Amino acid sequence: MIDSSSSYSVQTELSNKKKSPIIIIVVILILVLIGAYFLFRPSEEKDKPDTTFTKKTSPTPSPTPTEKPKIDKEYVKIQVINGTGTPGQAASAVELLTKAGYNADNIETGNAEEFDQTNTTVAYKEGFKAEADDIKETLKSTFAKILIESTLLDKDNEFDVVVTTGGKIFEEATSTPSPNPTISSISPTPTSTTPTTTLTPSPTPSLTPTP
């Protein structure tokens, strides 16, 4: 008589032996699939288009040069003061200003109290900085060194801009005194006893110069 328990164990063992290769094959397939997934996944990601958003920066516009304020030269009141004593120096400055467009009727000249200005200076009232800068540029062709005064003219001043000319101080030529004439001694000559008649000239009328 065959023991039923031993027969069952033999069948179970045979069944397990048949399942073992199947399980191994399934495990191998799973491993192959996992390896293939990780192997081909990077290549797929590389082929994908880059969808990251790149912010485009617009070029910064270059600053436009500031426009110079317009100057109404017709109505600017200017005083030109001769600061060196050189004859005609203020008149030459007036000539340059009128050629630049300033109204000659609004320009007056005068002399400084002392002729000691080595630099030409330009002073202006509040609100006339542009005019002062323009006058400086206008006078550069004749006057070597021109300075803009930092102190503003009084608001009640008659003139909008005051120019004091400078440069080499003028010196008048001094005349050399002529040498005193030497008087030579003359020996007296004997006078004759014959009386001589002296004639007194009649006075002639003097002429006065025309003013």
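**Ground rules.** I number residues from 1 along each chain as its sequence is written, and side-chain values use heavy atoms, with hydrogens and water left out. Since the model is predicted, local features need pLDDT of at least 70 and side-chain atom pairs count only at pLDDT 80 or more, while totals for chains, interfaces and linings use all residues.

**Overall layout.** I looked up the secondary structure and got three helices and five strands. Helices (H or I, at least four residues) and strands (E, at least two) are DSSP runs, numbered from the N terminus. Along the sequence I read α-β-α-β-β-α-β-β.

Next I checked burial, meaning under 20% relative accessible area, with exposed over 50% and partly exposed in between (1.4 Å probe, protein chains only). Buried residues come to 19% of the 211 in the chain. The chain exposes about 18100 Å², and carbon and sulfur atoms supply 58% of that. Those areas come from the Shrake-Rupley method with a 1.4 Å probe; for residues, only the protein chains shown count as cover.

For contacts (heavy atoms within 4.5 Å), I took pairs at least 6 apart in sequence: 84% of them join residues at least 24 apart.

**Strand β1.** Four of the five residues of β1 are buried, so I note this strand as largely enclosed by the rest of the structure. I then asked which strands pair with β1, where pairing takes at least two DSSP bridges between two strands. β2 (residues 107-111) pairs with β1 in the parallel sense over five bridges, and Val 80 stands opposite Thr 109 in β2. Between the two, the chain crosses through helix α2 (residues 89-99), and this β-α-β crossover is right-handed. Right-handed here means that, with the strands pointing away from the viewer, the path from the first strand over the helix to the second runs clockwise. β5 also runs parallel to β1, joined by four bridges; there Ile 78 stands opposite Val 161.

**Asn 106.** I found this residue in the loop between α2 and β2. Its C-alpha sits 6.3 Å from that of Ile 78, though the two are 28 residues apart in sequence. Setting aside residues up to four places away in sequence, Asn 106 touches Glu 74, Tyr 75, Val 76, Lys 77 and Ile 78. A polar atom of the Asn 106 side chain lies 2.8 Å from the backbone oxygen of Glu 74.

**Salt bridges.** My criterion is a side-chain nitrogen of Lys or Arg within 4 Å of a carboxyl oxygen of Asp or Glu, and the structure holds five such bridges.

Lys 73 and Asp 134 meet in one of them, at 3.5 Å, N to O. This pair links distant parts of the chain, 61 residues apart: Lys 73 is in the loop between α1 (4-47) and β1 (78-82), Asp 134 in helix α3. At 21% relative accessibility, Asp 134 counts as partly exposed.

Lys 125 bridges to Asp 160, with the closest N and O atoms 3.6 Å apart. Again distant parts are linked, 35 residues apart: Lys 125 in the loop between β3 and α3, Asp 160 in the loop between β4 (146-148) and β5 (161-164). Is this pair buried or exposed? Both residues are buried, Lys 125 at 13% relative accessibility. Beyond its neighbours within four places in sequence, Lys 125 has contacts including Leu 153, Asn 157 and Phe 159.

Lys 140 forms a salt bridge with Glu 137 at 3.5 Å between the closest N and O atoms. I noted Lys 140 as partly exposed, at 49% relative accessibility.

Terms used. A polar contact is a pair of N or O atoms within 3.5 Å; within protein, one must be able to donate a hydrogen and the other to accept it, and residues adjacent in sequence count only if both atoms are side-chain atoms.
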